[in-house]
Amino acid sequence: MWFESHPIREVLLPSSVTRRSVLLGGAAALGGVAASVALPASATASGAGHQALPSTPFTLGVASGDPWSDSVVLWTRLALDPLADTGLGGMPDHRLPVQWQVAKDDRFRHVVRAGVAFADPAAAHSVHVEVGGLRPGREYYYRFRVQGYMSPTGRTLTTPARGTMPDLTMCFASCSHFGEGFFTAYRRLAEDRPDLVLHLGDYQYEYATKAADIRVVQGPETRTLANYRQRHAQYKTDPDLQLAHATAPWLAVWDDHETENNWADEVPEQPDPAFLDRRAAAFQAYYENMPLRRSAKPQGIDMRLYRRFAWGDLATFHMLDTRQYRDDQACGDGTKIDCAERLNPNRTITGVEQERWLMDGLRRSRTRWDVLGQQVFFAQRDLTAGPQQGFSMDAWDGYHASRERVAAALGQVRNGVVLTGDVHRHWAAEIQTNEQTVGVELVATSVTSGGDGDESTNATVLAENPHIKFFKNRRGYVRTTFTAGELRSDFRVLPFVRTPDAPVSTAASFVTVDREPALHTT
């Protein structure tokens, strides 16, 4: 792909280089650094003889992600016609040079990094720039330019330096079905001005549009690379989602619907001889459309998505992939009673290598909070009333031994926290193993999936699970504030999503105190 063939050129610009001089370009404007930030000969040649773009190609917005203390990924994807059924956004069949800038301020008076990347049709004209040489714990602004067209401006942050422990506001979300509602929750999330956003999966859904949808989903059920590219592009045209991406860096992991419902490693939901081709196409499109580092670039049906980020000495985020390496769901999937297969000690939801990586990271961690960003319900959740117990085979309950090993490791860190999506409801639970509470789990409801929701209480399930402290069937997200002394969790809800512009409120708030794995209501 273009990233390896055409390395990013970037330089540290002196403070005397102004926003206007960089925008206008040219040797006279840029003086001694002109050769470094002007388009290189290869970039100029690649555009020679090609027709000028007829309109802005920045229809899908901008994004940043995977921040380090000195680096962050910048992303955009060029598309003149985002809904083109080829999945290529109506772009010309040649690569285009894309200029980018990073500045200390949103007016770009103090540009600190700039360079040129190439948008290639082989990658659906997506651009991933890994900007280095940044300062830790800083806010930056970024943008792109192609043929005089300027992208929207995005805001990003680098992570704090080791040895420091500044507070962190982090929001997390999951499960955004384009057809089932408006993405107002993303806008409200952006308005909370987080430092970091986690997306825990089901960023987009594979299904074709259905009669009950309130927005039309373009294209058939996604199976080919063109299908997945088109679907991602349609989602990215949403202004609320664009705002959430442009507001803060994201750490993103997938769940099932980015490929297909309830897949497990190489096993599809239903028998499908073409599933591995479908999986490879879904992985390629996911990489192209998310702000991921090149280490996540897929190789056929494999894509390394689990990874780790430190927010100074305050928190470590262990981002997990519970789809790609798991054993097939036990007892035929669904909610099952007396499923002995789920207790098999050899069953795994993470795979052996990822579990080893996680255990090693937890053992070595010295941060105040260790946070697992992952997909499916972690704490035990009995879904059947009465003396019998019924568990979801798709959740960690279907992989009992795997869950117990990880829970035990969480009990050895100073403060263990699990973040979850998937189930389209808000939940909050205390994680227990061997009759001890070892951590807390915060579960985000969906952005839209399931529609408006209701005021049901799920009293039966709560009565069966006294360690589960909260349930809410409305759409929204979770806002968290990490400090050295506590974690505050605000469960944000919208009264409706089937019409736009819903207000947001906080349905419940909990505080978890340092060294005390419990949920205290506020």
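Modeller: Happy to! One cut-off first: two cysteine sulfur atoms count as a disulfide when they are within 2.5 Å. Also keep in mind that this is a predicted model.

Colleague: Good to know. How many disulfides does a search of the whole structure find?

Modeller: The search finds one disulfide. Cys331 is joined to Cys339, with 2.0 Å from S to S.

Colleague: And which hand does the link of Cys331 and Cys339 have?

Modeller: The link is right-handed, with 90 degrees about the S-S bond. Cys331 counts as partly exposed because its relative accessibility is 31%, whereas Cys339, at 6%, counts as buried.

Colleague: What about Cys171, which is in no disulfide? Where is the nearest cysteine sulfur?

Modeller: The nearest one belongs to Cys175, 16 Å away.

Colleague: Thanks! Changing topic: how confident is the prediction, what does the chain average in pLDDT?

Modeller: The average is 92, and 91% of the residues score at least 70. Take care with residues 1-46, where pLDDT stays under 50. For that stretch the model has 92 contacts beyond four places in sequence.

Colleague: Noted. Now Thr158: where does that residue sit?

Modeller: Thr158 is in the loop between β9 (154-157) and β10 (168-173).

Colleague: Buried or exposed?

Modeller: Thr158 counts as buried, because its relative accessibility is 1%.

Colleague: Nice. On to helices: at what angle do α7 and α9 pack?

Modeller: Helix α7 (residues 225-236) packs against α9 at about 35 degrees, with the axes 8 Å apart. The crossing of α7 past α9 is right-handed. On the α7 side, the contact is made by Leu225, Tyr228, Arg229, His232 and Lys236. The α9 side includes Arg278, Ala281, Gln284 and Glu288.

Colleague: Tell me about Gln284. What does its side chain join to?

Modeller: A polar contact of 2.8 Å links the side chains of Gln284 and Glu288. Gln284 belongs to helix α9 (residues 275-289). With a relative accessibility of 16%, Gln284 counts as buried.

Colleague: Last one: which residues of α6 are buried?

Modeller: They are Thr184, Ala185, Tyr186, Arg188, Leu189 and Ala190. That makes six of the eight residues of helix α6 (residues 184-191), which is mostly covered.

Colleague: And what covers those buried residues of α6?

Modeller: The cover includes β10, β11 (196-199), α8 (239-247), β12 (250-252), β22 (475-482) and β23 (486-494).

Colleague: Great, thanks for the tour!

Key
Residues are numbered from 1 along each chain as its sequence is written. This is a predicted model: local features need pLDDT of at least 70, side-chain atom pairs count only at pLDDT 80 or more; totals for chains, interfaces and linings use all residues. Side-chain values use heavy atoms; hydrogens and water are left out. pLDDT is the predictor's confidence in each residue, from 0 to 100. Contact means heavy atoms within 4.5 Å. Helices (H or I, at least four residues) and strands (E, at least two) are DSSP runs, numbered from the N terminus. Buried means under 20% relative accessible area, exposed over 50%, partly exposed in between (1.4 Å probe, protein chains only). A polar contact is a pair of N or O atoms within 3.5 Å; within protein, one must be able to donate a hydrogen and the other to accept it, and residues adjacent in sequence count only if both atoms are side-chain atoms. Axes are lines fitted to C-alpha atoms, for helices over the stretch in contact, and angles run from 0 to 180 degrees between N-to-C directions. A crossing is left-handed if the near helix is turned anticlockwise from the far one by less than a right angle, and right-handed if clockwise.
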